[in-house]
Amino acid sequence: MERLASDLLFNPTEEHRMLRQMVADFAAREVEPQAAAHDAKGELNVPLFRRLGDLGLLGITIPEADGGAGMDAVAAVIVHHELAKYDPGFTLAYLAHSMLFVNNFYHCSNAEQRSRYLPRVLSGEWVAGMGMTEPGAGTDVLGMTTTAVRDGDGWVLNGTKTYITNGCEGHCFLVYAKVEGRITAFVVDRDCPGFRTSNHIDKLGMRASTMSELIFEDCKVPGANVLGEVGSGLTHMMRNLEIERTTLAAMSVGIADRCVDIMVRYAEERHAFRQSINRFGQIQRYLADGFAMTEAAKCLVYNVARDIGPDVRNRVGSDAAKLFAAPVGKQVADYAMQVMGGAGYCKEFPVERLWRDAKLLEIGGGTIEAHQKNLTKDLTALLARG
Amino acid sequence: MKILVCVKRIPDPDESLKFAGGGLDYSASKWVPNAFDEYAIETALRLAEVVGGTQRLAEVIVLGIGPESQRQQLTQFLAMGADRGIIVDADPDKLDTATVSKLIAAVFKKEAADLLIAGKLSQDNEGGQVPQRVAGLLDVPQASFAATVEWDQAAKALTVGREVDDGVEVKRVPLPAVVSVDLRIVLPKSVKNGSTPATHAYQEGPRLASLKGITMAKRKPVAVLKPSDLGVAVGTNEQVVGVAAPPARKAGQKVKTVEELFEKLTKEAKVI
């Protein structure tokens, strides 16, 4: 087939195309068959997670010289898009590890820290996560109360992080805490004295990844575990939120894509009043609107991803991508369920699972309202700058 | 050891066929590697690698015959782990099976390869002739439709299990040789190379290219040859006269009683 011009947006290079094919094959062969069972159990499939390490996907944005794949944000979007078609919960565990920990850690760590952590997290031997949200501080992230105080060569952390994906299985976490009021990033290992995680927090969707609190009670963290300069945490946080939001948006696109595929097939095969239900205008609206919304979200997300990288700031783009794409996943999953009626509501088809999973994307990694707040502030600032 | 593996690109067999102008219309087709060629590269890689170590026991060369610009499937095999590639730049529509076989045999000789591993057939035409023809042209032993392969490195020979109609036939094949592979060659324990622990179980099926493999693939050398470089004249003695969809099945008849059915079967259809 001749290459369509629009394909350049989704697969800018041969490597991107091959990556998409590889992840799609992996997802169909190995991820889909286990998705419903892990959703039901509410557990992360750790052996399957390690397969992501075998395939080299855990360090997708890390330079080759440091053991990663050296690819860009578009590549990260491709992986999240393709995996989320089959198992958004598992994809969320991948995102928490590879984007929230690995990508963030890489850009604020020194050579010694990289040599200690990268081999274990890139192979999948260690599962990792990131701690930002607290019981009393979500969108109001600067209101966090977790503190870190100097203690000889090391640090003592006190506070609680909550809703932390991979909390139950994680071996290490990138944690934000305030040092004399200034946000600073630390890496905390599970065996740091005074650190523990709560029980699994049960949830509506994204059940193939786990969630818990991270609890720091006079937690002793070695001095060598400060990431970057003391007080530089906000810079790392804001930089990493861009790729985080863009890949979360890509997950929503994956959910929407799959739901369109399922409902189009179903509407052709399902008959009512002696004809396919896709002959009815009410159904056509779901199919056509769902497809158009999905395409719009996909184009926006891939376009924004082109301008996301360690040296490029694009908060407006990433906020806009997630603000627009997150409701699309939820809406299109809802359309698919409506088209399928009872079948869509039951667990025989994956739509009800995707529908439950989709809601998280309007909350995690920044609520819809946080994106609206940021965008208004940033657009107004741009206006003032002329 | 040098192992040569062929890859052919074919229209995706999962897509429905389109007809135009008395033939098949491939203009909107998605092209994929022939699945049996994927089994062939998996076989070659299992022979070449030592699981748990970094040593390579063989060089794996992937050969594609087709326009230089359409090398995506060859690149995919490099991403899976082949060491280098060779493209014979020619229009596959102008090559018959005999010419393709001559080109492969010529590359085999030029490379002084020890083993050709090929899929047992290509899923588009299902000719199933090329490996056998190449073995004939090279005058080397062959084992077709392999379901298991064991490499005896010291004796420079392969023991090949072939699935035939009445069971599994075991052949001992001295190298150099030609092996064509069937589906079961990618079961977890079908290939043994004498160095990877015999108890090792591979994941079933051809492997996925790792991301590292994908990023490395473009850096692997790919030589481009013309048929004339190999002393092979391009041409075909085959001609496609026409391709048409089978006639649509006529609507059946509904009968109300067993008696009516019996009547129709005996008098109309005359099958009883």
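1. A disulfide is a pair of cysteine sulfur atoms within 2.5 Å. In this predicted model, a search of the whole structure gives 0 disulfides over all chains. Cys192(A) illustrates the point: the closest cysteine sulfur, in Cys219(A), lies 5.0 Å from the sulfur of Cys192(A), and this is too far for a bond.

2. Two cysteines may be described by their accessibility. Cys192(A) has a relative accessibility of 7% and therefore counts as buried. Cys6(B) has a relative accessible area of 11%, so Cys6(B) is buried.

3. Where in chain A is Arg207(A) placed? Arg207(A) sits in the loop between strand 6 (195–197) and strand 7 (211–221) of chain A. Its relative accessible area is 16%, so Arg207(A) is classed as buried. A charged residue such as Arg may thus be followed from its position to its surroundings, as the next point does for Arg207(A).

4. The surroundings of Arg207(A) are as follows. A polar atom of the Arg207(A) side chain lies 2.9 Å from the backbone oxygen of Lys203(A). When residues up to four places away in sequence are not counted, Arg207(A) touches His38(A), Asp39(A), Ala40(A), Lys41(A), Gly42(A) and Glu43(A), and also Asp202(A), Arg356(A) and Asp357(A).

5. Asp357(A), one of the residues that Arg207(A) touches, deserves a separate description. Asp357(A) belongs to helix 11 of chain A, which covers residues 351–359. Is Asp357(A) buried or exposed? With a relative accessible area of 1%, Asp357(A) is buried. Apart from neighbours within four places in sequence, the contacts of Asp357(A) are Pro88(A), Gly89(A), Gly205(A), Met206(A), Arg207(A) and Ile255(A).

6. Positions in sequence and positions in space should be read separately. Asp357(A) and Asp87(A) are 270 residues apart in sequence, while their C-alpha atoms are 8.9 Å apart in space.

7. Chain B may be summarised as a whole. Chain B contains 6 helices and 14 strands. Its C-alpha trace spans about 75 × 45 × 40 Å along the principal axes. Of the 272 residues in chain B, 43% are buried. Among contacts in chain B with a separation of 6 or more, 68% are between residues 24 or more positions apart.

8. Between chain B and chain A, 5 residue pairs are in polar contact, with both residues at pLDDT 80 or more. Across this interface 2 salt bridges are found. The side chains of Glu64(A) and Arg219(B) form a salt bridge, with N and O 2.7 Å apart.

Conventions
Residues numbered from 1 in each chain as written. Chains lettered and ligands numbered in written order. Predicted model: local features only at pLDDT ≥ 70, side-chain atom pairs only at ≥ 80, totals over all residues. Heavy atoms only, no water. Buried < 20%, exposed > 50% of the residue type's maximum accessible area, 1.4 Å probe, protein only. Helix = DSSP H or I, 4+ residues; strand = E, 2+ residues; numbered from the N terminus. Polar contact = N/O pair within 3.5 Å; in protein donor to acceptor, adjacent residues only side chain to side chain. Contact = heavy atoms within 4.5 Å. Salt bridge = Lys/Arg side-chain N within 4 Å of Asp/Glu carboxyl O.
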